[in-house]
Amino acid sequence: MSSITEQLIGEYFATGTLAGLPSGHFIDGKSRPAATGRTMETFDPGTTKVFAQFAAGDAEDVEAAVASSDRAFRDCWRKVAPAERGRILQRAAEGIRANAERLAVVETLDNGKSLAEAQGDIRSAARLFEYYAGAADKLQGETIPLGMDYLSYTSLEPVGVTAHIIPWNYPTSTMVRGIAPALAAGCTVVVKPAEQTPLTALMLAEILRDAGLPDGVCNVLTGTGTAVGAPLVAHAKVRHITFTGSVNTGSLVMQAAARNITSVTLELGGKSPAVMLADCDIDAAVEDVLWAIFSNSGQTCSAGSRLVIERSIHAEFVERLAARTRKLSFGHGLRNPEIGAISSQEQLNKIAGYVDEAKSRGVRVAVGGSRTVDQASGSGWFFQPTILDDVGPLDVVVQEEIFGPVLSVQIADSAEQALELANGTAFGLAAGIYTRDIKKALRLARDIDAGQIYINEYYAGGVETPFGGNKLSGFGREKGLEGLRAYCRVKSVTARI
Ligand code: ADP
């Protein structure tokens with residue numbers, strides 16, 4: 001561990017906070033308190049204690065931020081040459097790397113995840129800026145052949161002010177996968193991080209300013225979904241909304257957007273299966289399924305939260321997976337365990353509720369099943385990594401997103417039944433397929449209704465691969481070149497010559 005990280009950890013455990021944390025909204029290149037002067041508190045899930053305060057915004061702050069982003073769009077950012085936009089985004093990537101240690105420690109404190117996971121999220125944020133920096137000057141239109149008497153061409157124009165509503169599970173990387181393509185395309189952004197995890201968004205806004213992003217191009221507003229998120233998504237000057245969060249809130253956001261005919265990208269929940277066929281490589285697959293569900297304590301939209309497995313390998317597989325699960329270390333994120341905390345008391349209660357009800361219905365718990373605490377301090381919001389075995393296809397823990405470290409196992413009697421079970425929920429975000437037979441794998445990839453398919457490695461892919469859902473998991477794609485589409489409008493120009 002490097003000395004900066006060690007110093008920050010020492011400071012935190014000695015004082016219960018860190019000096020120099022941002023606390024105001026970030027509007028027009030400056031930190032400022034909420035118009036009402038009100039503040040909220042943010043908790044360290046590893047201890048359950050408050051460690052910082054931040055501005056509790058409302059509609060007045062939303063008005064100021066949108067006006068600032070609108071001005072910055074019209075007078076400044078859309079006029080900046082694409083190559084220069086790319087250079088600024090490249091400097092943002094460098095700025096994130098230069099501040100990576102502090103960002104990762106703050107992310108760990110705000111969210112509860114392990115330091116190694118937070119470091120991975122910060123690396124992917126830097127990579128996203130780097131990727132879209134390279135795309136800024138490649139957003140080209142086409143010429144359209146209409147014959148000798150016409151010249152017809154298309155151009156890709158930035159949509160204008162965009163709103164980004166961010167969840168608490170991957171605060172930095174989710175924010176950047178939306179704002180990096182938006183900024184590359186020439187849009188300005190107003191970001192509303194989750195009230196549980198507001199700090200790294202404010203730090204990123206400062207890093208962007210220091211990278212040369214003009215004032216007003218990236219504004220960040222903190223506060224609750226009702227007080228800040230709702231007026232932001234209802235604002236007529238916002239021309240695209242990128243929302244990541246729950247299905248219910250996504251539906252509210254879409255309804256608000258409909259009033260202004262604002263376009264939306266919705267990345268909502270999932271109940272994604274890891275489909276395990278009898279001819280899979282069991283050693284590799286056990287380890288893969290373990291991290292598909294338990295990384296980030298299962299608080300991942302695309303988590304492999306169901307294991308759909310052929311009967312002939314079911315008993316051996318679940319036994320080995322349970323044995324491996326029992327060995328996972330957990331604790332305060334800054335002590336860098338394999339599994340961190342649950343991000344909030346509310347989320348912990350929700351997870352415990354699902355598992356308690358499953359137990360009372362007689363569902364077999366292969367491992368885990370209870371709340372727990374950090375053994376070192378006796379505190380924190382933790383839930384044991386849990387496997388619920390042989391669950392029926394209509395059971396609540398198969399149909400609903402728990403968003404915690406809980407795997408539901410479903411047994412299939414054939415590859416055909418595995419496909420039916422895999423598609424048997426209202427979600428369609430991701431699916432893993434495990435088999436040595438490439439023909440079977442590609443057929444399942446064709447037939448599973450999901451936005452991402454991972455063959456023999458869950459979460460395979462990266463910044464370059466489009467990400468998004470089908471059915472209740474939403475629509476629109478982020479990441480990759482697809483991720484730029486939402487932020488560009490095609491204009492066709494045709495001249496008679
Ligand atoms: P969760 O219930 O897991 O916290 P949400 O989908 O409610 O998930 O939250 C995701 C993000 O949406 C957060 O930033 C939250 O503040 C914001 N949010 C909540 N309600 C609204 C709303 N009505 N309009 C816009 N944003 C909202």
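Predicted model: local features only at pLDDT ≥ 70, side-chain atom pairs only at ≥ 80, totals over all residues.

Visitor: Is Thr 386 buried or exposed?

Guide: A residue counts as buried when its relative accessible area is under 20%, and as exposed when that area is over 50%. The relative accessible area of Thr 386 is 0%, and therefore Thr 386 is buried.

Visitor: Which loop holds Leu 394, and is this residue buried or exposed?

Guide: Leu 394 is located in the loop that runs between E17 and helix H13 (396-399). Its C-alpha atom is separated by 8.5 Å from that of Thr 425, a residue 31 positions away along the chain. Because the relative accessibility of Leu 394 is 73%, and the cut-off is over 50%, Leu 394 counts as exposed.

Visitor: What is the separation between the C-alpha atoms of Leu 481 and Pro 466?

Guide: Leu 481 is placed in the loop between strand E23 (474-475) and strand E24 (488-496), and with a relative accessibility of 58% it counts as exposed. Along the chain, Leu 481 and Pro 466 are 15 residues apart, and their C-alpha atoms are separated by 7.5 Å.

Visitor: What is the phi of Lys 479, and where is this residue placed?

Guide: Most residues other than glycine have a negative phi. Lys 479, although not a glycine, has a positive phi of about 70 degrees. As for its place, Lys 479 is in the loop between E23 and E24.

Visitor: Is Asn 296 buried or exposed?

Guide: Asn 296 lies in the loop between helix H10 (282-294) and strand E13 (304-310), and its phi is positive, near 55 degrees. Its relative accessible area is 2%, and since under 20% is the condition for this class, Asn 296 is buried.

Visitor: Which residues come nearest to the ligand?

Guide: There are 16 residues around the ligand, and they divide into 8 nonpolar, 6 polar and 2 charged. The ligand itself sits in the largest pocket. The residues that come nearest to the ligand are Ile 166, Lys 192, Glu 195, Ser 246 and Thr 249.

Visitor: How much of the ligand's accessible area does the protein cover?

Guide: An oxygen atom of the ligand is 2.8 Å from a backbone N or O atom of Ile 166, and a polar backbone atom of Ser 246 is likewise 2.8 Å from a ligand oxygen. With Thr 249, the atom concerned is an N or O of the side chain, 2.9 Å from an oxygen atom of the ligand. On its own the ligand has 560 Å² of accessible area, and the part of this that the protein covers is 79%.

Visitor: Which element gives the most residues to the shell around the ligand?

Guide: Helix H8 (225-233), strand E10 (238-244) and helix H9 (247-260) each supply at least two residues of this shell. With 3 residues, the element that gives the most is H8.

Notes:
Residues numbered from 1 in each chain as written. Heavy atoms only, no water. Near = heavy atom within 4 Å. Polar contact = N/O pair within 3.5 Å; in protein donor to acceptor, adjacent residues only side chain to side chain. Areas by Shrake-Rupley, 256 points an atom, 1.4 Å probe, with all protein chains shown as cover. 1 Å grid on protein atoms, 1.4 Å probe; cavity = no way out; pocket = protein on both sides within 12 Å on 5 of 7 lines; lining within 4 Å. Sits in = over half its atoms within 2 Å of the grid points. Helix = DSSP H or I, 4+ residues; strand = E, 2+ residues; numbered from the N terminus. Nonpolar A, V, L, I, M, F, W, Y, C, P; charged D, E, K, R; others polar. Buried < 20%, exposed > 50% of the residue type's maximum accessible area, 1.4 Å probe, protein only.
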